[in-house]
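Student: I would like to learn how to read the features of a structure step by step. Could you take me through this one, giving the general idea before each case?

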Amino acid sequence: MDRNQISKWFKNPGKMANKYSFHVVYFCTGCGIIEIPPSITTRWDAERFGIIPVATPRQANLFLITGYVSTKTLKAIIRTYEQMPEPKYTVAFGSCPINGGMYYDSYNTITSLDKYIPVDGYIAGCMPRPEAIFIGVTHLWKLIDMDKADGYKRYRRDYKFYRANQEQLFKELGWPPLFKDASL
Amino acid sequence: MEELKKKLLAYFTDLTIQIHDDYRMCINTQKETVVSLLNYLKNMGYEHFALLSCIDWIDKGEFELIYILSAYMEVCDKYQEKEQGIIIIKARISRDDAKVISVINVFENAEPYERELHEMFGIKFEGHPRLTPLMLEREYEIPPFRKDFDTLKYVDNTFGKIPSIEERKANYERT
Amino acid sequence: MRELELFFGPQHLGMVGNFSITLKVEGDRILKADANPGFLHRGFEKLMENRTWMQNFPLVCRINVVEPDHMELIYSMAVEKLAGIEVPERGKFIRSIYCEMARVGSHLFGLWAYANMLGFDTVAHWAMYHRDLLLDLFEELTGARVYHIYLRPGGVRRDFPDGFTDRLVETLHKIGGKVPDYNATFFENSIFKKRAEGIGTVTREEAIRMGAVGHTIKATGMKYDIRKIEPYDAYDQVDFDIPVRTGGDAYSRLLTIRDDMIESVHMIFKLIDKMPKSGEVYTKTPNPFKWTIPEGEAYVRCESSRGELGLYIVSNGGEKPYRVHFNTPSYNHGLTVLEKALVGESVSDVGNIMISLYVVAPEIDR
Amino acid sequence: MPKTSFLNPFKAIKYLFEKPQTLKYPFETKEIADRYRGFHKNDWDKCTGCGNCADICPNKAITMVEIPELPNKPEEGKKNKRPQLDYGRCCFCGLCVDICPPGSLTLTKDFLHIHFDKKTFTFIPKDEKLNKETYKAEKEYSIFTASLSQRKEYYDGFSPDIRYALFKPDRIEMPEIEPDERKLSFIEQVIGYDKEQAKEEAGRCLECKLCEEACPAHLKISDYIDAIYRDDPKESLEIIYEDNPIPSICGRICMAHCEDACSLHIRGDSLAIRWLKRYAADQIKNFKEELELKPGKPTGKKVAIIGAGPSGLSLAYFLRLQGHDVVVYDELSGGGGIIRIGPPTYRLPLDAIDKDVQYIESLGVKFKFNTKVGRDIGFEKLLNDYNAVFMGIGNTISFSTRVKNSEKCTLALDFLKDNKIGKQRKVTKNIIIIGGGNVAMDVARESIRLQHIQFPEQQVITKIVSLEGWDQLPATKTEIEEAKEEGIRFNPSWGPKEVVLDDDGNIRGLLCKKVKSVFDEQGRFSPTFYENEEKFLEGTMIIEAIGQRADFSFLPEKLFKRLEFTDRKKIKVDANGMTSIPGVFAGGDIVNINMDAVTAIADAKVAAEGINKFLNYD
Amino acid sequence: MKILSLFISPLLALIIGLLFLGISRKITAKIHWRCGPPVYQPLIDVIRSFSQKSISHGAFFDFGIILSLSSSVVLIYFLPVGDLYAMTSGGLIAFLYLMLLGPFGIALSSAASGNPNSSIGVSRKFLLALAYEVPLLLVLLTVMTHYNTISLVEIVNIQAGTGMAFSSWALVLPGIAYFLILPAVLGVRPFEIVSAPQEISSGPVAEFGGKHLAFYTLQHALQLFVGLALFVNIFLGGGTLFGLLNPIAGTVWATILGIIIFLVKMFIVLVIELFINAVYPRFRIEQAMRYLWKWPTLIAFVGLVIVAILN
């Protein structure tokens, strides 16, 4: 850890701690989850960077959307995302959340994720290798440093629109809006 | 297998049976006979209910139900030696009035299959205790596995019509 | 005690795959379990009807992410049967070796899931590490870690690279060398036995009644294995045994998985010995843009790591399948056996039972 | 059941003292496998823009985008379209690599692209030669900055391999009569596909339609080949007849520009499009009964066509379908024009020509054979009697070398014509043919057959002298190969200097001089020689086959003066195929520089539309 | 000294607790055959949790976790670390009650959160506490009988006087019993039943996020410290090592060395606990209770009888 890092730690400990302690929601949203166990276990060992899976979204700050998202899962994803405390980051895996991927014509999977929840980064691949996950994390660090990983802020700011999109898809969401005073 | 064919033909009247070379027996029957046929075959040792499927023959206006049975085998011998194979039972029902008697009293594991077919094809299984949705969250006007369900059109209409956040904001600001 | 409604999954650390079980519990006892699949439903069977025979081949493996290889195999087998394509001898052996590698990998994944479920991180980590070594080999052979897209109708996509079998044997020996450690820490661990014995017992009668296959029925003492019953590929050219247990509980199932894994490794060695040293590995299939398959239907099945995997496929003589229906082992296990096996058990054992049945959610949903 | 224990598990503690097996990833990397399926790379030089990758992609991840900077050369089988990948769709299956006919598309070992912007995931792959900015050398490359726009050089993963390609690179061998056998007679050399072979060959077509753009007449090639694949030669023939009314002829002697453009051609054999057309035409024994084409409603307009060659026949057909009255004049006794006299019987039998001509005749086109315009009927009379006149006269007069004593030599066309539709010529045992084009090959191969017929079981020699070297010979490769197989000897890069006569005035041989160069710097034909390097070739008969020209003697002087010519000595026509004389149209060899049947058909198509417009305008 | 230790001991406990958490992650990782996180990772986690917005589920939710944390801090005051102690009067009985207060606070919070997983976790926690409380009480009773005092500080002082690490042979059996229940007290495997992330999503803390989670982590670190320190204090002779420090007794150096010795002893116990943690899966709750009521209780009872007879 060089001096630069230390001064950063003193300036904004929360931000730095957020960088080096990603607690991941363990949610098998799609097939990309198959590369999560290897990356958190012996061979790749994500815990070196403080990345560990946690059981509940309340304790997490990173949400990995691992692959395709069916409508049924999307509901759970939105619910989980809203349960996470801020600041929180979302990283989407693979082709499917970007533009539908393999399932671009499936009647049960959505084609692009960022219409429903904000996404801070996409990792290309089908599926991404563990290496890509690590490099994805380093990119996320850079984004956090530059204050560009602002998905949660966007969600708060544009909540009205996200909520409108979610309601357009689901008709009945089943839970009250997260932010009461969401406006432009 | 030939023996079984003879027995079946003697016992049931409205069957047409073909035996293929790879130990697959194809039985065409009526939907009323299916339950008793399955019962009979179960007692003959075909205890493994492998699959319940359905084909939408839209040109003929019919659904074809496929029941596939095989036998559990205690000792691992080849089929060729045991003279036991896979039995494929086919029954056609009308597409407009898709109703058939449930077989869960004969085979317990037919339950999720029937639920799924109900959901995907809209076939009503009489006597099934819970024909609740299994896989799907949304409701579809046409059950999605029917041939007249156009997935691409559906996707365009459903997911394509949802604007991205930027579009929605732009629309909002305009009005 | 009051009755509680407890949702197990889909977002849950003990859940392998996106699956949910709604439990009705009283204290720690489960009164009723309701499996709730569909979180991964993509409508594969519909998607496949919209793609040509060749385009389906990268698609099918996505059905089951844990073990995509048997999905490729079953699709290839079905198409070969419908179109009357023969696989060359070397191709058959490569297929068998590849499938056995996949079985070992899949079982290691299962071991990870089970150990992780019990909170047994140590063994979980080892198992995942050893699976990763296998994935390296898969990457070398097929060009991808997970979705290999290697078995194609007519044979395999590429031949073995130079010296591949040597590296395969080396890696398998490396993994096999750790089996005593696995045994000492996991399979012969008293607490593991305490945890798994008598849990989720499925008797043979129940298993037959509910259509159980694979290690669930092998754990009740029945040698039901498609590799023996209806040999495909090169399985009729090697000797192998089918490990069985008689307990019918989670413990027996896990031991069956272990024995099956060891048997698979031995089988790979035998297959490598018997494999023709050179030759064609695939039969050329027709031009993918003009490939039509004559009218007909086929039901083929193979033994995946979780049990009998079947595919019913219908062609109407066109460029695309008319109807496909996968009979996946997890379908019976996850929706019928699991619901029955959970009743009366403790909440702590939900994941335990589920993983010992090896329920893989994407396979159920398709 | 194994024995269990409480203490045994503590054996695991020993791992505490072992070296961790973790790969410390960003600091310690793993070698990616050689077959890794990562991002795409496309060799733009090799890529033909055929779009097969876009067709096979199961996810519709590939779209072909037009690159305006690239040259669009459909006649060479190269379009200026290149695949664009959408990594929001791609599943990295590699089907596109396996189907790519030129083998230009490769998957690399690059797999890192992480970005918050979805738009960056759309990407047009190029290769490292073209894109130095993207492809970094090993030392400039870092995994932390790696992305679609920062990739490593020479990092190929899953590469195309012709052995495992999804298409069949090898053509179904066309059954032919063996050289030793065929050189003894004029029997048709090519036997033709049978049903199975035709189906299999048609099954190789990837439907990329590069050929359709390369074909001058723009036949719907992939459609009719698909019909053959579906075992429906009748439908196939109907599709051919939409654009080409002489399938039997074209199926045999077409220059097959389409096959040069075929995308399979790059790494394998091109599809046998010509033979498949021939198969379709041969399968239908009687065109009139099977095809359901009807002439259009009579319009009352009359068109005269001079010359029943390919352009004339096609035009007659197209105009007849429009309902015009068409009369075709030709000096020969049957249809076909130059095609009737030029290609020898072993390549194009007269039956095949007559089959096509008779069908066109059955549609109501009137043929006036043995009528030479200018001799039997005046050109001006035609102009007066008919609403429009089309000249499709072709090049019918052979050039002579005009070296010393060249008047003793035989001219190629005369030789061919006599052999085909007249009386067989007498030949000698030792023949020299001057010229390196297809006509020279025809002449040579015909002479060797005549020699074998007239001097059975005797030593005979046929040699070819050509100005051009081996690699410049204008004749097609297959012609040269077949000529060699039949025993014809080549003397490339020699120019005739003098025909040497013996004392009786008979030909004794040809004195040649070494060629320095054939074309000048501008690429025009202007041979230069080493005057002192000479060679004497023995031969008792010399045939000159160095080119032909048109015979405009039928035209009255004042009309001829009004005809405009291009600088390549061709008649100048406008976009409607009309010459500088209103009402007079032209096409075929006298207009285009390709000088082959299918281009003549293309001319006829243009002229047909032009005449239509011209007649309706009146 | 006392005033100083009022500040120092909780801080020391916190730092040592977090460090031990980090070390335990590192050592576990090594047994897993991997590198593991840096030892200061728990600190980063805590800072991160503090920086996050937390969602409260009501006043009880907040109060519970504060109660839990403060009770743990108070526990530290009763606990001598070598020569460092804040209160001399605290007896073992009070100590035991305070130890129960921590879980009680968590339970309060969990009940307020309304998550069914949490309620299952809390019920497990109390069942487990019920199970290990029996042998623990027996053990402590033995100790109190042996030393004839209920004050922890006095016990430590007596042990320091004897200068032996394992102070009395009579206490061997209770020591073994305590060692057997120590995993249950610390909540490591095979007794990781309460949190059991794979079964009931971390149980009581399922709804804890942000600052609540940070408080919980701190409380957890303190609990770890307390659990280890109690064992070291009672059975391993506290901050003494065979009378090694007797020559320099009373100086500051002796205090510091005492603390270091104390920490080393704690560390050794921790490592042993980690080994147990690494090689066993977790019990089911009734299995854990059966185990705890069987062997440790029996041994502790025998120990109590022996001590009673000796006295």
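Tutor: Let us begin with pairing: two strands pair if DSSP finds at least two bridges between them, and the elements themselves are DSSP runs numbered from the N terminus, a helix being a run of H or I of at least four residues and a strand a run of E of at least two. In this structure, strand E12 (residues 388–391) of chain D and E23(D) pair in the parallel sense over 3 bridges, and D:Val389 has D:Val584 of E23(D) as its bridge partner. Keep in mind that this is a predicted model, in which local features need pLDDT of at least 70 and side-chain atom pairs count only at pLDDT 80 or more, while totals for chains, interfaces and linings use all residues. Residues are numbered from 1 along each chain as its sequence is written, and chains are lettered from A and ligands numbered from 1 in the order in which they are written.

Student: In what order do the strands of the open sheet of 5 strands in chain D lie?

Tutor: The order is E11-E10-E9-E12-E23, with parallel pairing. Strand E11 (366–368) and strand E23 (584–586) of chain D are at the edges and have a single partner strand each, so one side of each is left without a neighbour in the sheet. From one strand to the next, the twist averages 20°, where angles run from 0 to 180 degrees between N-to-C directions and axes are lines fitted to C-alpha atoms, for helices over the stretch in contact.

Student: Which helix packs on that sheet of chain D?

Tutor: For this we need contact, which holds for two residues if their C-beta atoms, placed from the backbone, lie within 7 Å. Helix H12 (residues 310–322) of chain D packs on the sheet and touches strand E9 (302–306), strand E10 (325–329) and E12 of chain D, its direction making about 170° with that of E10(D).

Student: Where in chain D can I find antiparallel pairing?

Tutor: Look at strand E2 (residues 62–66) and strand E3 (residues 81–86) of chain D, which pair in the antiparallel sense over 5 bridges, with D:Met64 opposite D:Pro83 in E3(D). E3(D) also pairs in the antiparallel sense with strand E6 (residues 122–123) of chain D, over 2 bridges, and there D:Asp86 has D:Thr122 as its bridge partner. As a general idea for looking at any such strand, side chains in a regular strand alternate between the two faces of the sheet.

Student: How many helices and strands does chain D have?

Tutor: Chain D has 20 helices and 23 strands, and its C-alpha trace spans about 115 × 65 × 55 Å along its principal axes. A residue counts as buried if 20 or more other C-beta atoms lie within 10 Å of its own, these atoms being placed from the backbone, and buried residues make up 47% of the 618 residues in chain D.

Student: What is the strand order of the open sheet of 3 strands in chain C?

Tutor: The order is E6-E7-E8, with antiparallel pairing, and the edge strands, each pairing on one side only, are strand E6 (296–304) and strand E8 (321–327) of chain C. Here the twist averages 15° from one strand to the next. Strand E7 (residues 307–315) of chain C is joined to E8(C) by 6 bridges, and C:Tyr312 stands opposite C:His325 in E8(C). Helix H3 (residues 68–83) of chain C packs on this sheet, touching E6 and E7 of chain C, and its direction makes about 150° with that of E6(C).

Student: How many residues does each chain give to the contact between chain C and chain B?

Tutor: Chain C gives 32 residues and chain B gives 31. On the side of chain C that touches chain B, the largest share, 4 residues, comes from H13(C).

Student: At what angle do helices H7 and H11 of chain E pack?

Tutor: Helix H7 (residues 172–186) and helix H11 (residues 285–310) of chain E pack at about 160°, with their axes 8 Å apart. That makes H7(E) roughly antiparallel to H11(E), a term that applies to angles over 145 degrees.

Conventions. Parallel < 35°, antiparallel > 145°, perpendicular 65-115°, else oblique. Buried ≥ 20, exposed ≤ 12 C-beta atoms within 10 Å, placed from the backbone.
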